[in-house]
Amino acid sequence: MLRPATTDELCEAISAATAPLMLRGGGSKDAIGAPSPDATRIDMRGFTGVVDYDPPELVLTVRAGTPLVDVQALVAGEGQMLAFDPFDHAALLGGTPGQATIGGVIAAGVSGPSRLSRGAARDHLLGFEGVSGRSERFIAGAKVVKNVTGYDLPKLVTGSWGRLVAMTELTLKVLPAPREQRTLVLRGLDPAAAVVALARALGSAAEVSAAAHLPNWNGDALTAIRLDGFPSSIDARAETLVRLLGGLDTLDGPDGAALWEAVRHASPLPSDKPLWRIIVPAKEAATVVRTLGDADWLFDWAGGLIWLASATDSQAIRAAASKVGGHATLIRADAAMRATVPTLHPQAAPLAALETRVRRAFDPNGVFETGRFGGHS
């Protein structure tokens, strides 16, 4: 393992590479993707620390190897938050909490329940510095919220799993944290009825911040809707939802927080089955779980995200997702399955051609490892 501490050292390591490189932060996502014992690991934790934080301007610049928990604590101290709701994969993968880095979160495009209302990780990355597969240092984006200069490379690298760029520094947009959060729930709905109810809530003036459905939460099928903001505003919007959906129960603060933490980490699902992250049009979520039959699952993003724990054949799972215009990512499995089943949903020929073109520009020598999709973990 190499651990560069400066951009020059990182450039030298990439330039000297004669075998695939795997970019690694805290290793929180090492268990995602095929094992890659032959790859040379580059430990990005030499790039740590806050470069600049301007709370009034809602802009934070931080080095990529900085632990996520440190970044979250920093902005929380100013009454602010990372609005795309990132989380540590330790609870999903049985790792040690607190190891995830902010660079790994962005490289993997990690977004939690708040992504429904506040946007994904890619929407909050304003700019970055990094090193390409040509071992060239470059800067993309800008340290301002409104920027229309050049290509929107921050969106390209977010979710690229370290296959295009070794990011060394990130500039993120942050937002004020809500004064209060309240969780309202409907009980006993089946998947189809839950998706309809959540769609009605999202289409209302209630400004829903998060929406999920858990088929078994403490013995109940629970359809959960979260409202954020000032207490008086939440009261008015809650009345709107009651008029629209009928009887709604309220989960007390700690109970509501526990529910969203469970949704974020898919913790209600059994840990002894392969875990899939399935993205589909929300209206098709019930169709997918009905098609797959015997499986454990929950809906986030009002049905747009399905966490599914199932021993069903991987081709059947991906076929069910593809049929409704979605895709399925294998998040957790044993080493044998990870070695044979692609982590990411196989792409159609046009997207494969696009990736080839991008690689020619950023990584012509193929130094960033492609087999396991685990870079910047």
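At what angle do helix H7 (residues 191-202) and helix H8 (residues 231-245) pack, and how far apart are their axes? In this predicted model, the angle between H7 and H8 is about 135°, and their axes lie 10 Å apart. Angles over 145 degrees count as roughly antiparallel and those from 65 to 115 as roughly perpendicular; the value found here therefore makes H7 oblique to H8. The crossing of these two helices, H7 and H8, is right-handed. On the H7 side the contact involves Ala 197, Arg 200 and Ala 201, which meet Leu 241, Leu 244 and Leu 245 of H8. By class, the residues of this contact between H7 and H8 comprise five nonpolar, no polar and one charged.

Val 288, Thr 291 and Leu 292 of H10 make the contact with Ala 316, Ile 317 and Ala 320 of H11. Five nonpolar residues and one polar residue make up the contact of H10 with H11, with no charged residue.

The two pairs are set side by side below.

| Helix pair | Angle | Distance between axes |
|---|---|---|
| H7 and H8 | about 135° | 10 Å |

Which elements each supply at least two residues of the lining of the second largest pocket? They are helix H2 (68-76), strand S5 (80-81), strand S10 (180-187) and helix H9 (253-265). The largest share, seven residues, comes from H9. In terms of residue class, the lining of the second largest pocket has 14 nonpolar residues, together with eight polar and eight charged ones.

Pro 55 is located in the loop between strand S3 (50-54) and strand S4 (59-63). Its C-alpha atom is separated by 25 Å from that of Arg 45, although the two residues are ten residues apart along the chain. With neighbours within four places in sequence left aside, Pro 55 is in contact with Glu 78 and Gln 80.

Key:
Residues are numbered from 1 along each chain as its sequence is written. This is a predicted model: local features need pLDDT of at least 70, side-chain atom pairs count only at pLDDT 80 or more; totals for chains, interfaces and linings use all residues. Side-chain values use heavy atoms; hydrogens and water are left out. Helices (H or I, at least four residues) and strands (E, at least two) are DSSP runs, numbered from the N terminus. Ala, Val, Leu, Ile, Met, Phe, Trp, Tyr, Cys and Pro count as nonpolar, Asp, Glu, Lys and Arg as charged, and the others, Gly among them, as polar. Contact means heavy atoms within 4.5 Å. Axes are lines fitted to C-alpha atoms, for helices over the stretch in contact, and angles run from 0 to 180 degrees between N-to-C directions. Angles under 35 degrees count as roughly parallel, over 145 as roughly antiparallel, 65 to 115 as roughly perpendicular and the rest as oblique. A crossing is left-handed if the near helix is turned anticlockwise from the far one by less than a right angle, and right-handed if clockwise.
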